[in-house]
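Me: Could you take me through this protein structure step by step? I would like to begin with the overall picture and then turn to the details.

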Amino acid sequence: MKKLMVGMALTATLATAVTPGFGSIGGNQEKAYAATVTYKVTASKLNVRSGAGTTYGIIGSVVKGQTLSVMSKSGSWYKINYNGRTGYVSSDYVQASGTATPPAESTTYTVTASTLNVRSGAGTNYASIGSVTKGQKLSVMSKSGSWYKINYNGRTGYVSSDYVQASGTTTAQTTPPAESTTYTVTASTLNVRSGAGTNYASIGSVTKGQKLSVVSKSGSWYKINYNGRTGYVSSDYVQASATASPKLVVDSFKTLGNAQQVILVTADNYDTKSAKIQTFEKVDGKWKQVLTANGVLGQKGFALSKKEGDMESPTGKYTIGTAFGRYENPGTKLPYRKITANDVWVDDSKSSLYNTWQQKPANGRWTSAENMDIPAYDYGFVINYNESRTPGKGSAIFFHVGTNYTAGCTATSKEQVVSILKWLNPEKNPVIIQSPVSELDKY
């Protein structure tokens, strides 16, 4: 079929022009896409297809000398605007002249989980506002930690990036902008178009000072979320400025040393069993918050001075020990130990094995020990408290599954425990800090 399409010329001219309704009057401005490349077809007739390949259906054809707007390139195919809709033509029969190349097609974000919750905020503690299913394509606006901010049925939602595959059809992929950037309209009125060029129809407008929800950038055009649909605006009339990141509580900590991951467990006072759990990670020298969740402490809250059996959780800064669970490793990088029916943690202060993980039978080695094969320990990790094993100072201090209260550990939902286990990386020297809010200045 290649040889049958010889001799045709296609010119894609993105000529500078004044957009109807835009000029010097009234301050309304929109700059046309610069004419840097022309595309000429060398075949007598060239099919326009619905996708980038000969397996896609033919939606029409172009003839020698016809001018088209090339939007991007995908492999050996040009994506073009064809009579107001998207089409594709083989680049083998198109001669491109000029120094610039068409922009790469945007990254595609595809759901990999069978069902994935869409939440109202970037964390599993936020309410679910719906769901998406495996294979569904997402309109990603930005990324925050391990969460994608998406357009979901005309409103803002968040999905875990762990269950979304980001892939592009070209080597130069468009990535979602950082959430820390603010995009503000500078023109008195700016057209929103259906595609990245002034040859596309206007679907509305935005006004000076308006903040935009930018999805990506293609050449000199921003792809935006406009009233629940996709639109494009000229970047010449949009100011992108970095928003000052709010100061995080960990930014003021002075005792973190070489720790690059922090789990912060706080409560309003010593006597409450309710806790707030936050995780932070240092990336490129700056702390970023990863997760926020509700949690619980010992039945009597935090301990001023922890003692065995006091039903209080110890305050302080501790390193992270072995991860554990009654099932296979959920994906943590920490050393992982699967619990068996014989596993116990010795809480007998008089035993030489006090505050250690052992296996039954006791054979006189201890008089009391905590059974490990229980639902609360479906997943968790050891908080390295009382490593000197001082008798009576407290034992078996874990981070585990639970939503009511504990006997001295820290707990949260199984979903959050697994999420934190997957996130923890021993190479980043993680620590856990537990404290009433009023005493955070100690750290």
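Predicted model: local features only at pLDDT ≥ 70, side-chain atom pairs only at ≥ 80, totals over all residues.

Me: What share of the contacts comes from residues 24 or more positions apart?

Reply: Among contacts with a separation of 6 or more, 60% are between residues 24 or more positions apart.

Me: Now the inside. Which residues touch the most other members of the largest nonpolar core?

Reply: That core has 29 residues, and those touching the most other members are Ile 263, Val 265, Phe 381, Phe 399, Ile 420, Leu 424 and Ile 432. Several elements each supply at least two residues of this core, including strand S26 (261-267), strand S31 (316-325), strand S37 (398-401) and helix H1 (414-423).

Me: Which element gives the most?

Reply: H1 does, with five residues.

Me: Ile 432 was in that list. What is it in contact with?

Reply: Leaving aside neighbours within four places in sequence, Ile 432 is in contact with Ile 263, Val 265, Gly 316, Lys 317, Tyr 318, Ile 320, Ile 383 and Phe 399. Of these partners, Ile 263, Val 265 and Phe 399 were also named among the residues that touch the most other core members.

Me: Which residues does the second, separate core include?

Reply: The second core has 14 residues, and Val 192, Tyr 226, Val 233 and Val 238 are among them.

Me: Let us turn to Thr 279. Is it buried or exposed?

Reply: Thr 279, which lies in strand S27, has a relative accessible area of 1%. Buried means under 20%, so Thr 279 counts as buried.

Me: What does Thr 279 touch?

Reply: Not counting residues up to four places away in sequence, Thr 279 touches Val 262, Ile 263, Lys 288, Gln 289, Val 290, Leu 291, Ile 420 and Trp 423.

Me: Changing topic: how many aromatic pairs does the structure hold?

Reply: There are twelve aromatic pairs. In one of them, the ring centres of Tyr 318 and Tyr 385 are 5.7 Å apart and the planes are at 85°.

Me: Why is that pair edge-to-face?

Reply: Planes over 60 degrees apart count as edge-to-face, and these planes are at 85°, so the pair is edge-to-face. The pair links distant parts of the chain, with Tyr 318 in strand S31 and Tyr 385 in the loop between S36 and S37, 67 residues apart. Both Tyr 318 and Tyr 385 are buried.

Me: What about Phe 324 and Phe 398?

Reply: Phe 324 and Phe 398 form an edge-to-face pair, 5.2 Å from centre to centre with 70° between the planes. Phe 324 is in strand S31 and Phe 398 in strand S37, 74 residues apart. Phe 324 is buried at a relative accessible area of 0%, and Phe 398 is buried at 0%.

Me: Which residues do ring pairs link into a cluster?

Reply: The cluster consists of Phe 324, Trp 345, Trp 357, Tyr 377 and Phe 398.

Me: Now the backbone. Which peptide bond is cis?

Reply: The bond from Lys 360 to Pro 361 is cis, with omega near 5°. Pro 361 is found in the loop between strand S34 (357-359) and strand S35 (369-371).

Me: And what is phi of Asn 355?

Reply: Phi of Asn 355 is near 60°, a positive value in a residue other than glycine. Asn 355 is in the loop between strand S33 (343-346) and S34, and counts as buried at 10% relative accessibility. Asn 429, also not a glycine, has a positive phi of about 50°. Asn 429 is in the loop between H1 and strand S39 (431-436) and counts as partly exposed at 30% relative accessibility.

Me: Finally, how many bridges join strand S18 to strand S25?

Reply: Five bridges join S18 (residues 181-185) to S25 (residues 238-242), and the two strands run antiparallel. Two bridges join S18 to strand S21 (residues 211-212), again antiparallel. Thr 184 stands opposite Gln 239 in S25 and opposite Lys 211 in S21.

Conventions
Residues numbered from 1 in each chain as written. Heavy atoms only, no water. Core = buried A, V, L, I, M, F, W, Y, C linked by side-chain atoms within 4.5 Å. Buried < 20%, exposed > 50% of the residue type's maximum accessible area, 1.4 Å probe, protein only. Helix = DSSP H or I, 4+ residues; strand = E, 2+ residues; numbered from the N terminus. Contact = heavy atoms within 4.5 Å. Phe/Tyr/Trp six-rings, centres within 6.5 Å; stacked < 30°, edge-to-face > 60°. Pairing = 2+ DSSP bridges.
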